[in-house]
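This report is meant for someone looking at the structure for the first time.

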Amino acid sequence: MTASRLLATTQRVLAQLRRDPRTVALLLVVPLLLLWLLELVFDQQPATFDRIGPALLALFPFVVMFLVTSVSTLRERTSGTLERLLSMPLGKLDLLFGYGLAFGLVAVVQAALASAVMIGFLGLDVAGPTWLLVAVAVIDAVLGCALGLFVSAFARTEFQAVQFMPAIVLPQFLLCGLLVPRDEMGAVLEALSVVLPLSYAVDAMQRLTLEPDVSGRLMLDIAIVVGFIALSLGLGAATLRRRTA
């Protein structure tokens, strides 16, 4: 992997996004509308909004980035673009990390907007550092991007890529601690939640809203999510195919 090839891939992906306003709207606007809808639903229950709001600030960007990234990568392969790129002096890591960097930059904007709306407009109470809340939101969005890149290798059509969302996202949504605290689940479900990255993303968000200090457990949660990102990108590079069979 070289810096010049990685940056060239990043610039190409960002240029494609600029020419696709519908995808940009999905990435940047839809999460904000969902968060606003969430606040309206719990308008008469502000304590409930403060409890689940941070978790959904982690969840919504994660889901959107997973969906867009998996479909975009598959489109590259089915259109033959990926095969043409890999016939050039461009390695799989250059491609995957270039995609990750491009969507990571989008995730920075997305997370900053979502955090600003949650804190400034919707009134979410945050005990910890606001900048760290934004950073964790960015990491969660990049996690969705990395998992999307990984699972796209196993789909043959865009419809199949979308079908991976309930298989990958819904179990994490159910077991991340949003609906029921993880330590109150059965032993089997709690064990499953331990190996799901969204559990640590949600835990980090909840700690930031409740604890004024940056604890070691919070940093451990963040480190685990970052580790899952690196693992997903590495597995994505190992399983990436030039074309769809």
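Glu39 sits in helix H3. In this predicted model, Glu39 has a relative accessibility of 18% and counts as buried, because the limit for that class is under 20%. Leaving out residues up to four places away in sequence, Glu39 touches Phe49 and Leu122.

**The chain as a whole**

The secondary structure comes to 11 helices and 0 strands. Along the sequence the pattern therefore reads α-α-α-α-α-α-α-α-α-α-α. The chain has 245 residues, and buried residues make up 49% of them. Among contacts between residues at least 6 apart in sequence, 80% join residues at least 24 apart.

**Helix H2**

Which residues of H2 are buried? They are Thr23, Leu27 and Leu28. Seen down the axis of H2, these buried residues fall within an arc of 120 degrees, so they line one face of the helix. Pro21 and Arg22, on the other side of H2, are exposed.

In general, nonpolar side chains of soluble globular proteins tend to be buried together. Here the largest nonpolar core holds 66 residues, of which Leu27, Phe62, Phe103 and Ile229 touch the most other members. The elements that give two or more residues to this core are helix H1 (3-18), helix H2 (21-28), helix H3 (30-41), helix H4 (46-78), helix H6 (92-121), helix H7 (130-151), helix H10 (197-210) and helix H11 (216-239). H7 gives the most to the core, with 15 residues.

For Ile229, the contacts beyond its neighbours within four places in sequence are Ile139, Val142, Leu143 and Ala146.

**Ala55 and Ser199**

Two further buried residues can be taken together. Ala55 belongs to helix H4 and is buried, with a relative accessible area of 1%. Ser199 belongs to helix H10 and is likewise buried, with a relative accessible area of 1%. How far apart are Ala55 and Ser199 in sequence and in space? They are 144 residues apart in sequence and 9.5 Å apart in space, C-alpha to C-alpha.

Not counting residues up to four places away in sequence, Ala55 touches Leu178, Val202 and Gln206. By the same exclusion, Ser199 touches Leu175, Cys176, Arg182 and Ser193. Arg182, a contact of Ser199, also lies over the face of Tyr200, at 5.5 Å from the ring centre. As for pairs of aromatic rings, the structure holds 0 of them.

**Salt bridges**

Side chains of opposite charge can pair when their charged atoms come close. The count of salt bridges in this model is 4. The table gives some of them.

| Residues | N to O distance |
|---|---|
| Arg207 and Asp203 | 3.0 Å |
| Arg207 and Asp221 | 3.5 Å |
| Asp221 and Arg217 | 3.5 Å |

Where do these pairs lie? Arg207 and Asp203 are 4 residues apart in helix H10, which puts about one helical turn between them. Both Arg207 and Asp203 are buried.

Arg207 and Asp221 are both buried.

Asp221 and Arg217 are 4 residues apart in helix H11, again separated by about one helical turn. Salt bridges that share partners join Asp203, Arg207, Glu211, Arg217 and Asp221 into one network.

Technical notes: Residues numbered from 1 in each chain as written. Predicted model: local features only at pLDDT ≥ 70, side-chain atom pairs only at ≥ 80, totals over all residues. Heavy atoms only, no water. Phe/Tyr/Trp six-rings, centres within 6.5 Å; stacked < 30°, edge-to-face > 60°. Lys NZ or Arg CZ within 6 Å of the ring centre and 35° of its normal. Core = buried A, V, L, I, M, F, W, Y, C linked by side-chain atoms within 4.5 Å. Buried < 20%, exposed > 50% of the residue type's maximum accessible area, 1.4 Å probe, protein only. Contact = heavy atoms within 4.5 Å. Arc of directions from axis to C-beta. Salt bridge = Lys/Arg side-chain N within 4 Å of Asp/Glu carboxyl O.
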